[in-house]
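Have the structure open as you read.

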Amino acid sequence: MRETALFLAYFKNIHYLCSKLTHYSSATMNRILLFCLVTFGFISLNAEQAQFNNLTFNIDPIERTAEVAENKAEGKLRLPDSITVGQINYRVIGIADNAFKNCKNLNEIVLPESLEYLCRSAFEGTGIWLNKNNWKDGILFIDSCLIAVDKSVKPKLVIPNSTRLIAAGAFQGNKVLTRVDLPQTLKRIDNDLFRDCKNITKVVIPASVQSIGQDAFTGSGIWLNEKKWRKGALYIDGCLIAVNNNAPAKFICKDKIPTRLFAAGAFKGAKQIKTVTIPDGIHTIPAACFHNCPALTEVIIPASVKRIEQFAFAQCELLKNATLPADIDYIGAGAFYTCRNLKKQILSDNLKAIPTACFFLCSAFTTIDLPGQLEIIGDGAFAGCANLEDIQLPHTLKSIGEKAFTGCNRFRKIIIPDYVTQIKKAAFADCSHLNNVTLPEGLYAIDDETFLNCISLERITLPKTLYRIGKDAFRNCQELYAILLPDNLHRLEDQAFMDCKKLYEIQLPAELAHLGAGAFSLCINLTNVVTTHAKHLTSVEAGTFYQCRQLQEIDLPDSVKVIGEDAFNGCKNLKRVFFPAGLEKIGQNAFRDCTSLTTPLLSKDIEIGKNAFKGCK
């Protein structure tokens, strides 16, 4: 189908970019995924950044966390433990790549206690980095956080237990180090930490470590030592670091000691693996853990797993079975992105959010029960799930993201819960069988393209509270024959009802102040338009009633000053137009080919555009 072909095109374009996302932190990955989808036309970028005390932060609205983004800073800087955006508090947990890179006048920084990760590149080229007095024995520390080492570091390094964090990539490419003993309190080994450290042959991972980032050991001496790999798998102190194409098709985690955690991207790109049994005791399936495993069909997930991170199973196109535990707490963005053969999934009632692109293009999905406490459905969460049947949105739902259900062709009925005040852009676009929609009282806006190409939608009742109907909101709803615009409606945007071929009657509401260009263009059966109540309307925009062939009469309110170009072009049955006394301008081609209309006598003060009445009597 047309929309499926479009999704495939998007998918091919963003495949490479998505494969790179897992090198970044959670909030940054979400923003890059949004950027990828924006770049290739899937969704528009939401406001995922915020300003606080003259600093820019990336924010995660689901986790309610923040990371320091790229900033210009100088002198002494103290980073906050949390920031407040609107009325929501976000805990500052990270410092992103390049956050303060090349800020040569940044000489001192105080890091918050809330910090959970940071990146070496964040401080490269800063005054802190360039000051040789800040380096001790070849190591740069900032507030007990190890930022980087240089070639003067000792080959065997024992990191003191007072070290609370080690920056991502801190040791990357170092040719001196041969052994590193990590502090016994360390919780996280971040991305690229020992990458390309070719002489490192020993790293002691303490029991306190709860996560290992992607490519943490890639290209290190440990990685390059073939003897360290057993049956295609590399383990370090009970941690599965990676598997390669020598791993068996039926993979069972087995080492000298029980496997307690997986590194991010551990199975990424493994071509031979078909089934995986995750051992009991694993709490997290980390970012991109099984990303792009082309032969993977089944993953047995134990009850101990509580978190599925970003892109965990992304692009596993043959995956059919990956049943989630009943009490899982978190699913990350793009977790099952383009898992085309995944037929069902059971979601825990603990989940309050289904994030961006979580089940994007899971085209084999037929049904899903949404969690009873769900509050957020993210951008593109179920987009392209062409076989997903009607679902019940829980009453707790507060937000439906952009293109959340775009292309869900099997939908016939949707009831929007009461807490939803805005339906975001294209949320139900291309739902070709959707014919019954119930909107809540309290709804403030129907955003752009919300019901675009819902060709089976016949009738919809708009709530009294509705203030705005967005651009292309009901465009090409070919079966829509009647709609009552509420009195409170202030804005009807461009092409809102364009090409609604069966729409026959419209009454413009009293509070309407903006009637967008092409709002009712190509509504070829529109016969009756009541405009006299719209006392705040000052213009009929370009092409508003273009090719409304059945329209016979229109009485424009006295407030109208301008009739835009092509406003009534092609209205062949239009016989009578009541022009307001204060009319100042009629655009070019405004009444062109209105063959039943007699050219009116108008004031000489009115500016009349070229061919405004060409083809009239």
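Let's start with glutamate 108 and lysine 76, whose side chains meet in a salt bridge with an N to O distance of 3.7 Å. This is a predicted model. The bridge links distant parts of the chain: glutamate 108 lies in strand 7 (residues 106–110) and lysine 76 in strand 4 (residues 75–78), 32 residues apart.

How accessible are the two partners? Glutamate 108 counts as partly exposed, at 40% relative accessibility, while lysine 76 is exposed, with a relative accessible area of 58%.

## Pairs that involve loops

The structure holds 22 salt bridges. In one of them, glutamate 389 meets arginine 410 at 3.2 Å, N to O. Glutamate 389 sits in the loop between strand 29 and strand 30, and arginine 410 in the loop between strand 30 and strand 31. Both are partly exposed: glutamate 389 has 35% relative accessibility and arginine 410 has a relative accessible area of 38%.

Aspartate 447 forms a salt bridge with arginine 468, with 3.3 Å between the closest N and O atoms. Aspartate 447 is buried because its relative accessible area is 15%, under the 20% cut-off. Through shared partners, salt bridges join Asp447, Asp448, Arg468, Arg491 and Glu493 into one network.

Three strands form an open, parallel sheet in the order 12-14-16. Strand 12 (156–158) and strand 16 (202–204) are the edges, each pairing on one side only. From one strand to the next, the twist averages 5 degrees.

Strand 12 pairs with strand 14 (residues 179–181) over three bridges, and valine 158 has aspartate 181 in strand 14 as its bridge partner.

Key:
Residues are numbered from 1 along each chain as its sequence is written. This is a predicted model: local features need pLDDT of at least 70, side-chain atom pairs count only at pLDDT 80 or more; totals for chains, interfaces and linings use all residues. Side-chain values use heavy atoms; hydrogens and water are left out. Two strands pair if DSSP finds at least two bridges between them. Helices (H or I, at least four residues) and strands (E, at least two) are DSSP runs, numbered from the N terminus. Axes are lines fitted to C-alpha atoms, for helices over the stretch in contact, and angles run from 0 to 180 degrees between N-to-C directions. A salt bridge is a side-chain nitrogen of Lys or Arg within 4 Å of a carboxyl oxygen of Asp or Glu. Buried means under 20% relative accessible area, exposed over 50%, partly exposed in between (1.4 Å probe, protein chains only).
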